[in-house]
Amino acid sequence: MASRTADPSARPIAVFDSGVGGLTVHRALVDKVPTADFVFLGDQKNMPYGGRPGEEIVELTRHGVIKLFDEGCDLVILACNTAAAIALRRLQQTWL
């Protein structure tokens, strides 16, 4: 991944969605912060999250976020409404 940031130690910002709708959020972020590096992860294998049980949504979201942290991202933005509504608070409260 080529870095566009002035600081070579800066790590990318991740955008996570269960599909591709979060690309709209990704595009808006790139427009607002053009010097930052961004990574997008769309979990198309498991989309849509909407009809799944809450615990499954939490685990799918956790798996995606861990993957992004493992790839070197410092910040993950949940662009998936279902993931944000069901999993975000739980992940914030239980993250180790």
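1. Phe-69 counts as partly exposed at 29% relative accessibility, and Trp-95 falls in the class of partly exposed residues at 35%. The classes are set by relative accessible area: buried is under 20%, exposed is over 50%, and partly exposed lies in between (1.4 Å probe, protein chains only). The model is predicted: local features need pLDDT of at least 70, side-chain atom pairs count only at pLDDT 80 or more, and totals for chains, interfaces and linings use all residues. Residues are numbered from 1 along each chain as its sequence is written, and side-chain values use heavy atoms, with hydrogens and water left out.

2. A search of the whole structure finds 2 aromatic pairs. Rings of Phe, Tyr and Trp (its six-membered ring) pair if their centres lie within 6.5 Å; planes under 30 degrees apart count as stacked, over 60 as edge-to-face and the rest as tilted. Phe-16 and Tyr-49 form a tilted pair, because their ring planes stand at 50°, with centres 6.4 Å apart. This pair links distant parts of the chain, 33 residues apart: Phe-16 belongs to strand β1, Tyr-49 to the loop between β2 and α2. Phe-16 is buried, at 1% relative accessibility, and Tyr-49 is buried, at 1%. Phe-69 and Trp-95 form an edge-to-face pair, 5.7 Å centre to centre with 80° between the planes. Here too distant parts of the chain are linked, Phe-69 lying in helix α2 and Trp-95 in the segment after α4 (88-94), 26 residues apart.

3. The chain holds 4 helices and 3 strands, running β-α-β-α-β-α-α from the N terminus. Helices (H or I, at least four residues) and strands (E, at least two) are DSSP runs, numbered from the N terminus.

4. The strands form an open sheet of 3 in the order β2-β1-β3, with parallel pairing; two strands pair if DSSP finds at least two bridges between them. Both β2 (38-42) and β3 (75-78) are edge strands with a single partner strand each, so one side of each has no neighbour in the sheet. Neighbouring strands are turned by 25° against each other on average, direction ignored. Strand β1 (residues 13-17) pairs with β2 over 5 bridges, and Ala-14 stands opposite Val-39 in β2.

5. Helix α1 (residues 23-32) lies across β1, β2 and β3 and runs at about 175° to β2. Helix α2 (residues 54-70) also packs on the sheet, touching β1, β2 and β3, and its direction makes about 145° with that of β3. Axes are lines fitted to C-alpha atoms, for helices over the stretch in contact (heavy atoms within 4.5 Å), and angles run from 0 to 180 degrees between N-to-C directions.

6. The largest nonpolar core has 13 residues; among those with the most contacts inside it are Ala-14, Phe-16, Tyr-49 and Leu-78. Such a core is a set of buried Ala, Val, Leu, Ile, Met, Phe, Trp, Tyr and Cys residues joined through side-chain atoms within 4.5 Å. The elements giving two or more residues to this core are β1, α2 and β3, and α2 provides the largest share, 4 residues. Leaving aside neighbours within four places in sequence, Leu-78 is in contact with residues including Phe-16, Val-65 and Leu-88.

7. Cys-80 lies in the loop between β3 and α3 (81-86) and is buried, with a relative accessible area of 4%. Not counting residues up to four places away in sequence, Cys-80 touches Phe-16, Asp-17, Ser-18 and Tyr-49.
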